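Work through the exercises below with the sequence and the coordinates side by side, and try each task before reading its solution.

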Amino acid sequence: MAGFRYAKLGPAAIIPPQTLVNAPAGNALDQLTATVESRGPVVLPALLLCDFGHLAREVERLEEAGAVGLHLDVMDGRFVPQLTYGMVVVEAVRKAARVPIEVHMMVEQPERSLADYARAGADIITVHIEGLAEPRRALETIQSLGPKAHLAISPETPIERLEPYLDACDGVLVMSVEPGYGGQAFNPVALEKLSSLTMIRSQRNASFRLGVDGGISAETAGPVAAAGAELLVAGSSVIRSANYAQAIAELEDRARAAA
Ligand code: DX5
Ligand code: ZN
């Protein structure tokens, strides 16, 4: 093996810039925004619990069921205990999907891989306030790469941590469970946060989108929408249902009736 050297393989080597065929789907995101503005809250199914052996089929089934966007949970086994998937899977979903993709980054030092997820085809990149050394800089970096920049906040973090950056983000994702696992019970602390953020948004005449993630079900979809949530991330209540279309429609109906 004399003379053999391993090439230094960084993320850029996994998806070389010249294969940048998956530019963010600007039109699809505009469509999602138009749907929220005309029809009210929408459900973004989270793929976390789907059948990854048939990923493209799952994406197709969710789109056929009426999903107007998808939520992808990237976990690194450090920021949260679980390890899920990274940019290769995001890229595969991008190829299979027509709707916009939100990449929810539950990773340490997300700044290091923003460009890779933008290149992989994220339309929205959501980063946790708890994991950012320089939140404003990270948000600006995401926006300069093309995707919308959303800030996520965990249940135990007070919204005061977000407030200085609300003018710089395109959306806020209020976590209603501890990040890291699907199928957890809804934590009502999210309702207070959503209500406060709704109030702050109107006081400041700001326009960030409000999302909620975790424990969204037929029982909680109405209350979160009444508190201001527009993007309802739903994992188990959609993926573990017998009928994706019915599950999405029920959540959206309840949310829209309460909004
Ligand atoms: C949790 C993830 C969620 C998860 C939601 O860390 O951020 O997106 O998939 O799953 P449910 O809807 O089952 O709580
Ligand atoms: Zn998530």
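Donors are N, O and S atoms within 2.8 Å of the metal (3.2 Å for Na, K and Ca), and water is not among the atoms, so sites may look incomplete. The model is a predicted one, in which local features need pLDDT of at least 70 and side-chain atom pairs count only at pLDDT 80 or more, while totals for chains, interfaces and linings use all residues. Residues are numbered from 1 along each chain, ligands are numbered from 1 in the order written, and side-chain values use heavy atoms.

**Exercise 1.** Identify the protein donors of the zinc ion (ligand 2).

*Solution.* Step one is to list the protein donors, which are His71 (NE2), Asp73 (OD), His104 (ND1) and Asp213 (OD), at 2.0 to 2.3 Å from the zinc ion. Step two is to read their spacing in sequence, H-x1-D-x30-H-x108-D. Asp73 in strand β2 and His104 in strand β3 are 31 residues apart, strands being DSSP runs of E with at least two residues and helices runs of H or I with at least four, numbered from the N terminus.

**Exercise 2.** Describe the salt bridge between Glu63 and Arg98.

*Solution.* A salt bridge is a side-chain nitrogen of Lys or Arg within 4 Å of a carboxyl oxygen of Asp or Glu, and here the N to O distance is 3.3 Å. Glu63 lies in helix α3, whereas Arg98 lies in the loop between α4 and β3. Buried means under 20% relative accessible area, exposed over 50%, and partly exposed in between (1.4 Å probe, protein chains only); Glu63, at 12%, is buried, whereas Arg98, at 64%, is exposed.
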